[in-house]
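Have a look at the structure first, then follow the notes below.

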Amino acid sequence: MSTETVPTKSKGGLADLKKMFGGSTSSLRQFGILFSLIAIIVVFQIWTNGTTLSPQNLINVVSQQSYILILAIGMVMVIILGHIDLSVGSVAAFVGIIVAKSMNEWNVPWPAAIAIGLVVGALVGAWQGFWVAYVGVPAFIVTLAGMLIFRGGNQWIGQSTTTPVPPEYSFIGSGYLPELPIDLDFNVLTMLLGLIGAGWVVYNEIRLRRQQRRIGAESAPLWVSGVKVVLLSAAILWAAWLFATGRPGTSFPISGVILLVLVVVYSFLTNRTVFGRHIYAVGGNRMAAALSGVKDRRVDFFVMMNMSVLAAVAGMIYVGRATASGPQDGNGWELDAIAAVFIGGAAVSGGIGTVIGSIIGGLVMAFLNNGLQLIGAQADAIQITKGLVLLLAVAVDVISKRRGGPSIIGLTMRQFTGRNDKDVVVTEPLPPVAPTAASNESSLPADLPRQ
């Protein structure tokens with residue numbers, strides 16, 4: 001027997017601010033990670049006497065971390081499903097050497113070379129997705145094998161040497177938004193991009209409040225929405241101004257533009273489409289999703305394939321920035337992407353995570369790494385610090401989900417959310433259904449037809 005739980009109305013308007021991370025799929029830890037990012041930036045801004053937020057340093061951070069953040073977009077979808085992908089660095093290097101060879105030795109035009117790279121990434125993803133979704137081999141094993149296979153493929157095709165790429169191709173990795181023939185002291189296109197971002201924040205908040213009124217849902221107080229819009233718009237415009245006023249010849253990087261487009265597309269995909277809902281459903285409870293008609297194997301297949309396509313994009317951007325493809329490309333990228341996703345609020349057990357949260361988690365690691373470099377920290381200290389940050393992020397997730405244990409972030413944020421544990425109605429859990437041996441990867445009962 002179960003009882004219906006009536007959600008308790010929050011008395012604190014600030015609780016509505018967590019919706020900037022994706023609404024119902026967000027968590028208090030994702031809300032807190034934004035403040036962690038701000039704190040890291042402020043600390044290093046003071047420590048480095050203003051170097052952290054200088055235009056040139058911000059441009060460098062975006063250029064150096066864009067491909068890791070692109071990997072994090074795909075990785076969060078994989079982790080939501082409860083899988084892991086260890087092959088993304090090797091796949092990026094494998095695609096990178098093919099693209100470089102096609103232009104350098106096979107005289108393929110650079111637009112066609114990019115198309116070839118995307119196709120190769122899709123084929124690699126289909127290969128790995130087949131083993132995960134339809135054969136039932138755990139994704140950890142499949143992608144571990146893929147890491148070895150495609151690393152070897154990179155070295156075999158490139159003969160363990162460096163292959164340069166033409167200057168016109170390098171634009172996607174090291175280029176900037178061009179200057180318009182207007183006599184101004186800033187890059188017009190960069191500021192226009194910032195205005196578009198600020199306008200989107202205003203539009204999104206207005207649309208959200210209209211939807212809440214239409215369905216009779218409780219809206220945040222108007223002053224809360226106003227503060228959120230003002231703060232986010234001001235931050236976007238200030239960042240755009242910093243990028244637009246860098247040294248002559250620089251502005252917002254093209255790789256950053258590609259990243260922003262992907263963030264918008266995949267945020268829409270995960271939050272507003274049926275396929276996105278299926279990803280969360282399968283990750284939250286695979287058996288329940290399958291019994292509801294979700295084709296969980298198909299979801300596994302396309303998410304794994306999508307991850308390799310994004311790895312191909314990241315690899316091509318990196319090759320453009322480095323102006324060459326080499327045998328050591330992509331080493332350790334998978335670990336950085338996984339760290340970004342977990343720091344950004346994804347759950348180890350799957351079912352929880354957002355694209356925006358993963359981007360913020362990646363920026364936490366990016367500014368932490370950049371700040372330590374600016375203050376002259378040694379490479380060993382940087383690695384130790386990054387490892388401790390990742391361990392702490394996952395530990396918070398485990399502690400907050402331990403049955404009967406307190407939530408560290410929940411205790412900290414309770415005063416802002418107005419939540420009282422006495423208002424929570426405890427329901428009697430339904431009896432679990434144990435999967436049979438015949439259920440295999442999809443966890444389906446033996447008498448249910450396979451999809």
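**Overview**

Of the protein's 451 residues, 47% count as buried (buried means under 20% relative accessible area, exposed over 50%, partly exposed in between, with a 1.4 Å probe and protein chains only). This is a predicted model, where local features need pLDDT of at least 70 and side-chain atom pairs count only at pLDDT 80 or more, while totals for chains, interfaces and linings use all residues. Residues are numbered from 1 along each chain as its sequence is written, and side-chain values use heavy atoms, with hydrogens and water left out.

**Overall make-up**

- The protein has 16 helices and two strands; these are DSSP runs numbered from the N terminus, with helices (H or I) of at least four residues and strands (E) of at least two.
- Among contacts (heavy atoms within 4.5 Å) with a separation of 6 or more, 78% come from residues 24 or more positions apart.

**Helices α3 and α4**

- Helix α3 (residues 88-104) packs against helix α4 (residues 110-135) at an angle of about 150°, and their axes are 9 Å apart. Axes here are lines fitted to C-alpha atoms, for helices over the stretch in contact, and angles run from 0 to 180 degrees between N-to-C directions.
- The two helices, α3 and α4, are therefore roughly antiparallel (over 145 degrees; under 35 counts as roughly parallel, 65 to 115 as roughly perpendicular and the rest as oblique).
- On the α3 side, the contact includes Val91, Phe94 and Ile98, and on the α4 side Trp110, Ile116 and Val120 are among the residues met.
- The residues of this α3–α4 contact divide into eleven nonpolar, three polar and no charged. Ala, Val, Leu, Ile, Met, Phe, Trp, Tyr, Cys and Pro count as nonpolar, Asp, Glu, Lys and Arg as charged, and the others, Gly among them, as polar.

**Asn187**

- Asn187 sits in the loop between α6 (167-174) and α7 (188-214), and it is buried, with a relative accessible area of 0%.
- A polar atom of the Asn187 side chain lies 3.2 Å from the backbone oxygen of Pro178.
- Neighbours within four places in sequence aside, Asn187 is in contact with Leu177, Pro178, Glu179, Ala244 and Ser251.

**Two loop residues with positive phi**

- Asn49, in the loop between α1 (28-47) and α2 (55-80), has a positive phi of about 55° although it is not a glycine. Asn49 is exposed, with a relative accessible area of 74%.
- Ser160 also is not a glycine, yet has a positive phi of about 55°. Ser160 lies in the loop between α5 (139-158) and β1 (163-164) and is partly exposed, at 45% relative accessible area.

Methods:
A polar contact is a pair of N or O atoms within 3.5 Å; within protein, one must be able to donate a hydrogen and the other to accept it, and residues adjacent in sequence count only if both atoms are side-chain atoms.
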